[in-house]
Amino acid sequence: MAGTRTRGREADTRAPEGLDGALEDDAQGRGPVKSAERTVRILEALARPPYTFTVAQLQETTGYPRSSLHALLRTLVDLHWIEPPTPGGGYGIGAQALLTGTAYLDRDPALPRATAAIEAIRDEAGCTTHVARLDGGNVVYLATREAPDRHRSASRVGRYLPAYATSLGKALLSERTAAELDVLLPGDDLPPLTEATVRTRADLERELEEVRERGWALERGQNLPGTVCVGVRVEYRIPATDAISCSLPAELATDEEVERVAGIVQRHAGRLARELRAAGVR
């Protein structure tokens, strides 16, 4: 990797101990690149709560041999993808991962306009607003604009949640066919995030039918207790990949307030979709 920082010593181009056999298999095209796949799985593990893992915890999570795991961790530390272990032996995500992740946002042609839209919604509705994208059976938050005072939520850029547990995801899933839903959400059981989370495909499909009839999605405490969210698709792609939502405290989410917020989000999402199509963003 050109220009990689190596903390004052020359980069070691030899295969880390324990990986020679895997790299040999990779070079001969016998299947997935094991070393690369293992590296990605380690980073994915460290990106989830509690965000700091010891070697033993990573071994339990990934199932990788300890020798290979140690070698990969040393390499990731040297390249600044993860931070050196804490006094307690815990590894965490490093600065290079942040720099690489923000490049996804920086290159996205839709995001600047989407960010302006959620700021306008926040100012008009008085709620925290989000824009997210469907990624398989999940949604990933691309931008969040917090409302002042009490209208705050726990969502943030980069948060990854099951689509079935969010208004953003329900808005996007409602446009998918039954066959597409089978691919995105295989099986009937849906692991719950809270007591209110929809738990079966049959129940989800009933909710998605309501979304189709209403034109916007509603979620009450299904991923964060005490919070109600309204979600609307941004239809500049077919099928839509992005959605916008507003979050408000449950005690303020009367039927009238939810309808008011939904109308604001629909209006701005429609305007955003028209702007993106006119600009040729696909």
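**Entry 1: a pair in the sheet.** I began at V131, which stands opposite A143 in β4. Strand β3 (residues 128-135) and strand β4 (residues 138-145) run antiparallel and are joined by 7 bridges; two strands pair if DSSP finds at least two bridges between them. I noted that helices (H or I, at least four residues) and strands (E, at least two) are DSSP runs, numbered from the N terminus.

Before going further I wrote down that this is a predicted model, in which local features need pLDDT of at least 70 and side-chain atom pairs count only at pLDDT 80 or more, while totals for chains, interfaces and linings use all residues. Residues are numbered from 1 along each chain as its sequence is written, and side-chain values use heavy atoms, with hydrogens and water left out.

**Entry 2: the whole sheet.** In what order do the strands of the open sheet lie? I read the order of the 6 strands as β5-β4-β3-β8-β7-β6, with antiparallel pairing. The edge strands, each pairing on one side only, are β5 (160-162) and β6 (217-220). From one strand to the next, the twist averages 30°. For this and later angles, axes are lines fitted to C-alpha atoms, for helices over the stretch in contact, and angles run from 0 to 180 degrees between N-to-C directions.

I then saw that α10 packs on the sheet, where it touches β6, β7 (227-234) and β8 (242-249), and that its direction makes about 25° with that of β7. Contact here means heavy atoms within 4.5 Å.

**Entry 3: α6 against α10.** The axes of helix α6 (residues 111-125) and helix α10 (residues 255-278) come within 10 Å and cross at roughly 160°. The two helices are therefore roughly antiparallel to each other, the term for angles over 145 degrees, with under 35 counted as roughly parallel, 65 to 115 as roughly perpendicular and the rest as oblique. Among the residues that make the contact are A117 and I121 of α6 and I264 and L272 of α10. By class, the contact has 10 nonpolar, 1 polar and 5 charged residues; Ala, Val, Leu, Ile, Met, Phe, Trp, Tyr, Cys and Pro count as nonpolar, Asp, Glu, Lys and Arg as charged, and the others, Gly among them, as polar.

**Entry 4: the helices around α4.** Helix α2 (residues 34-46) and helix α4 (residues 66-78) pack at an angle of about 75°, with their axes 11 Å apart, which makes α2 roughly perpendicular to α4. The contact involves S35, R38, T39, I42 and L43 of α2, together with S68, L69, L72, L73 and L76 of α4. For α3 and α4 I found an angle of about 115°, with the axes 10 Å apart. Here V55, A56, L58 and Q59 in α3 meet R66, L69, H70 and L73 in α4.

**Entry 5: T62.** Which backbone atoms lie by the side chain of T62? T62 has its place in helix α3 (residues 55-62). A polar atom of its side chain lies 2.7 Å from the backbone oxygen of L58, and the backbone nitrogen of Y64 lies 3.2 Å from a polar atom of the T62 side chain.

**Entry 6: loops.** In the loop between α2 and α3 I found P50, and the peptide bond from P49 to P50 is cis, with omega near 5°. Y51 lies in the loop between α2 and α3 and has a positive phi of about 75° although it is not a glycine. In the loop between β7 and β8 lies P239, and the peptide bond from I238 to P239 is cis, with omega near -10°.

Definitions and conventions: Polar contact = N/O pair within 3.5 Å; in protein donor to acceptor, adjacent residues only side chain to side chain.
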